[in-house]
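Subject: Structure handover

Hi,

Here is the structure for you to look over. My notes follow below.

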Amino acid sequence: MPTIGEIINFLETTAPLALQESYDNAGLVCGDKHQPCTGAIASLDFTKEVLEEAIQKKFNLIIVHHPPIFKGLKKLDTTDPITSQLIKAIQHNIAVYAIHTNLDNVIGGVNGEMAKRIGLINVQVLSPLQGTHQKLVTFVPTDHEEKLSNALYAAGAGSIGNYKECSFKTEGIGTFLPLEGSNPFLGKVGERENAKETRLEMIFPVHLQGHIIAALHNHHPYETVAYDILPLNNTFREWGAGAVGELPHEMSPNEFLQHLKKTFETGIIRHNLCQVKKIKKVSICGGAGKSLINNALMTNSDAYVTSDLGYHDFFQPAGKMLLADIGHFESEQFTSDLLAAILKEKFPTFAVLKSAHKTNPVNYFL
Ligand SMILES: [Zn+2]
C-alpha cells in the first residue's frame with residue numbers, strides 16, 4: 001500500500017507544483033502524508049457528497065482539481081461549509097490534495113485530456129510558460145565527464161521535449177593554482193595546473209535546481225566545483241496554459257458545436273457568430289480561459305473552446321474565429337478520469353476511483 005506522500009510525489013512528477021500559477025494554492029491542503037493510503041477518490045471539487053463518499057469507502061485521500069482553500073484562512077469557523085468539511089475530513093483522518101493550475105500547465109494534464117476527448121491531433125501548449133528552464137555549464141576532467149553527465153541526467157537535467165540526455169561538450173584546458181589548505185584532485189599545492197577538461201552544458205527545469213546541484217557536487221571529482229547557472233528566455237512547448245491542435249477532418253461550425261455538445265454533455269453552449277466556414281485548427285483551455293483568446297487568434301485557430309466568458313469577450317475575435325463557452329465543469333470534467341487513470345497505471349493494485357458525484361454547481365433551465 002503506497003503512502004499518501006508517495007502518491008503525491010508521483011502526481012508532482014507528472015505536474016510539478018512549481019508550475020502552478022502565482023495566485024494558486026495547489027498541494028496538500030490537509031492531512032498526514034506519511035500514513036498509508038487506503039484509497040483515493042478523484043473529483044473536480046471538494047463537496048459534502050465527495051467527502052461522504054470517501055468516508056463510506058474508508059478511503060483516506062481525496063484528490064481535487066479546485067483547491068478548497070484558495071486565499072488565506074484566518075478562522076476555522078464551522079458555519080463556513082468548506083471549513084466544516086475540512087474539519088470533518090481531518091476528524092476522519094482524510095487528506096485532501098489539490099492539483100490545479102500545475103495540472104493545467106502540463107500538456108498531459110487538463111487540456112491534453114480535453115484535446116483527446118475532442119479528438120485533436122498534433123497537440124501543443126497554446127501559451128508556453130517562460131522562465132521554466134536554466135542552463136548549467138560546468139568544467140570536468142575529460143575522463144570523468146561521462147560519469148558526471150549520467151548523474152546529471154538521472155537528476156533531471158538534459159531533457160528537451162521528446163529527447164533525453166541532451167548536452168553539449170567541448171574539450172579544452174582548465175587552469176587552477178591550489179592554495180595552502182586545499183586537497184586538489186589534480187596537481188600540487190602551490191603549482192599552477194593545466195588540466196584537460198570538458199565544458200559540459202545542459203538545460204534543466206528550474207524547480208529541479210536543488211537536485212541538479214547536489215548531483216553535480218556528489219559526482220564531480222574536484223573539491224571546489226566551477227559551474228555557471230544561466231537564465232534562459234526561451235519557452236518549451238510542453239509546459240504552459242491551454243492547448244492547440246487539429247481536427248483530423250474539417251467540420252462546419254455547426255457540426256463542431258454539435259460535436260462539443262455531445263462530447264462534453266453540456267446543457268448549453270454560448271458562442272459568437274463567425275465568418276469561419278470550416279473548423280480544422282482548434283485552441284482549447286479548460287476552465288476560465290478568456291485570457292487566452294488572443295493567443296488562440298495568433299495561432300490562426302478556427303475555433304477556441306473554453307468557459308466562463310463574459311459578454312464583451314464574445315466581441316474579441318471580431319468574427320475571425322468561433323468562440324465557444326461550454327461551461328467550466330463541462331470543460332474540466334474528464335480531469336477526474338485522467339487522475340484516476342494515471343494513478344491506476346502507476347499503482348495497479350491501489351484503490352483509486354473517480355467520484356460518483358457530479359459536482360457542477362451550475363444548472364440549466366431549458
Ligand atoms: Zn477549473
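Domain bounds here come from an automatic or database domain assignment. On that basis, the C-alpha centres of domain 2 and domain 3 are 45 Å apart. Domain 1 covers 4-103 + 334-354, domain 2 covers 110-128 + 239-326, and domain 3 covers 133-231.

Two points on provenance. This is a predicted model: local features need pLDDT of at least 70, side-chain atom pairs count only at pLDDT 80 or more, and totals for chains, interfaces and linings use all residues. Residues are numbered from 1 along each chain as its sequence is written.

Overall picture

The C-alpha atoms fill a box of roughly 85 × 55 × 40 Å along the principal axes. There are eleven helices and 15 strands. These are DSSP runs numbered from the N terminus: helices are H or I with at least four residues, strands are E with at least two. Of the 366 residues, 38% count as buried. Buried means 20 or more other C-beta atoms within 10 Å of a residue's own; exposed means 12 or fewer; partly exposed is in between; C-beta atoms are placed from the backbone. Two residues are in contact if those C-beta atoms lie within 7 Å. Among contacts between residues at least 6 apart in sequence, 73% join residues at least 24 apart.

Strands pair if DSSP finds at least two bridges between them. One open, antiparallel sheet has four strands in the order S7-S8-S6-S9. S7 (168-176) and S9 (227-231) are at the edges with a single partner strand each, so one side of each has no neighbour in the sheet. The twist averages 25° from one strand to the next. Angles run from 0 to 180 degrees between N-to-C directions, with axes as lines fitted to C-alpha atoms, for helices over the stretch in contact.

S6 (residues 133-141) pairs with S9 over five bridges, antiparallel. Leu 136 sits opposite Ile 229 of S9. Helix H6 (residues 145-154) lies across S6, S7 and S8 (193-205), at about 20° to S8.

Glu 191 is in the loop between S7 and S8. Why does Glu 191 count as exposed? Because Glu 191 has 9 C-beta neighbours inside 10 Å. Its C-alpha is 35 Å from that of Gln 134, 57 residues away along the chain.

Around S14

S14 (residues 322-325) is buried on both faces: Leu 322 and Ala 324 point one way, Leu 323 and Asp 325 the other. S11 (residues 270-271) joins S14 through two antiparallel bridges. There, Arg 270 has Asp 325 as its bridge partner. S13 (residues 303-307) pairs with S14 in parallel over four bridges. Val 305 stands opposite Ala 324.

Cores

A nonpolar core is a set of buried Ala, Val, Leu, Ile, Met, Phe, Trp, Tyr and Cys residues joined through C-beta atoms within 7 Å. The largest has 67 residues, and Ala 40, Leu 61, Ile 62, Ile 63, Val 96 and Ala 303 have the most contacts inside it. Domain 1 and domain 2 both give residues to this core, so it lies between them. Beyond its neighbours within four places in sequence, Ile 63 contacts Ala 40, Ala 42, Tyr 97, Ile 99 and Leu 339. A second, separate core of 14 residues includes Phe 139, Ala 157, Leu 200 and Ile 203.

Helix H5

Seven of the nine residues of H5 (residues 110-118) are buried, so the rest of the structure largely encloses this helix. Gly 119 follows H5 and has a positive phi, near 95°.

Best wishes
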